[in-house]
Amino acid sequence: MRDSFGQGQAGKELDEVQYGDQCVIVQSGRAAYLTVVTTGIEPEGFRARLRGLASDLHVKYERLLRDYSGDSSTLPNLQPRLMRLVAETAFMRQAGPKPMTRAQRVILAGGSLMGLLLLAMGCFYLRFTIALLPVAFPSSTPTVTRTPTATATASPTPTHTSTLTPTPTRTPSPTPTPTVTSTPTNTPTPTATFTPSVTPTPVEAEASGHVWVFREPSEDSPKFAILVRDTPVTMLETKGVWIHVEWYDTLPWLFGWQRGWVPARWVSVLLVMTPTP
């Protein structure tokens with residue numbers, strides 16, 4: 001690469017090779033090159049992660065990489081770091097937005113065309129209605145209205161009417177009768193007794209492979225993280241073939257202690273302890 005693409009000069013090094021539907025991305029470094037073969041659209045921010053990984057490897061292992069002479073036993077074990085990059089990239093691609101299918105694009109185009117057609121029909125109907133308003137609702141013709149003439153009316157003659165005042169009548173009120181009320185009897189209330197329960201003791205283990213972590217003990221529940229192989233975990237409880245684990249994650253979006261469910265076949269127990277009452 002140095003002989004063919006500028007011998008390490010800035011801006012002249014090879015950084016990408018297209019081969020059919022695959023793309024080979026090259027990230028250069030002082031002592032080593034990091035290459036990745038991808039298919040399809042790469043996730044957003046993927047090249048920045050490549051640059052960060054290459055810089056981190058050079059900071060920690062630059063002397064070993066610079067002195068490499070063909071003997072792979074002199075190199076550090078970089079496989080876990082590379083597998084973690086692959087797992088994180090798969091998680092980023094699944095969490096990112098997916099491109100629309102051909103059927104979705106056709107439906108979207110048809111919906112837009114139908115909306116434009118309805119808008120044009122609405123405008124035509126509105127103009128047609130406004131043009132017919134004078135015909136459907138003609139203006140009213142004023143008519144002559146006669147003014148009424150006042151007629152004299154004789155005033156009524158007052159008449160005398162006698163008014164009788166009613167005399168109130170007293171109504172006797174019934175005398176209340178005393179009743180006997182029984183005294184309530186005290187009933188003893190039972191007291192609940194505390195029964196101790198058995199609490200399982202957490203078990204230390206580690207992940208035996210790269211595995212998805214689920215929110216609930218079911219493959220239908222959402223996935224939210226990837227447990228990398230050889231990651232120390234704590235087994236909290238079990239349900240059938242599922243294990244509730246806790247681990248410390250260093251991913252930027254899942255930094256800190258995390259909990260989730262994984263299949264039991266992906267967990268190796270380091271120390272077995274019996275439950276303590």
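Which residues of helix 1 are buried? In this predicted model, local features need pLDDT of at least 70 and side-chain atom pairs count only at pLDDT 80 or more, while totals for chains, interfaces and linings use all residues. Residues are numbered from 1 along each chain as its sequence is written, and side-chain values use heavy atoms, with hydrogens and water left out. The buried residues of helix 1 are Phe46, Leu50, Leu53, Ala54, Leu57, His58 and Leu65, where buried means under 20% relative accessible area, exposed over 50% and partly exposed in between (1.4 Å probe, protein chains only).

The protein has three helices and 10 strands. Helices (H or I, at least four residues) and strands (E, at least two) are DSSP runs, numbered from the N terminus. Their order from the N terminus is β-β-β-α-α-α-β-β-β-β-β-β-β. Of the 277 residues in the protein, 21% are buried.

Helix 1 covers residues 46-66 and has 21 residues. Its end C-alpha atoms are only 26 Å apart, short of the 30 Å that a straight helix would reach; this expected span is 1.5 Å times one less than the number of residues. Helix 1 bends by about 75° at Lys60, the bend being the angle between axes fitted to the seven residues ending there and the seven starting there.

The structure holds nine salt bridges, each defined as a side-chain nitrogen of Lys or Arg within 4 Å of a carboxyl oxygen of Asp or Glu. Glu42 is paired with Arg47, with the closest N and O atoms 3.2 Å apart. Glu42 is partly exposed at 26% relative accessible area, and Arg47 is partly exposed at 25%. In helix 2 (residues 79-95), Arg84 and Glu88 lie four residues apart, about one turn of the helix. Their salt bridge has its closest N and O atoms 3.2 Å apart. Arg84 is partly exposed at 22%, whereas Glu88 is buried at 10%.

Another salt bridge joins Glu246 and Arg259, the closest N and O atoms being 3.1 Å apart. This pair links distant parts of the chain, with Glu246 in strand 8 (residues 242-249) and Arg259 in strand 9 (residues 256-263), 13 residues apart. Salt bridges that share partners also join Arg49, Arg84, Glu88 and Asp249 into one network.

The count of disulfides is zero, a disulfide being a pair of cysteine sulfur atoms within 2.5 Å. Cys23 is buried at 9% relative accessibility, whereas Cys123 is partly exposed at 44%.
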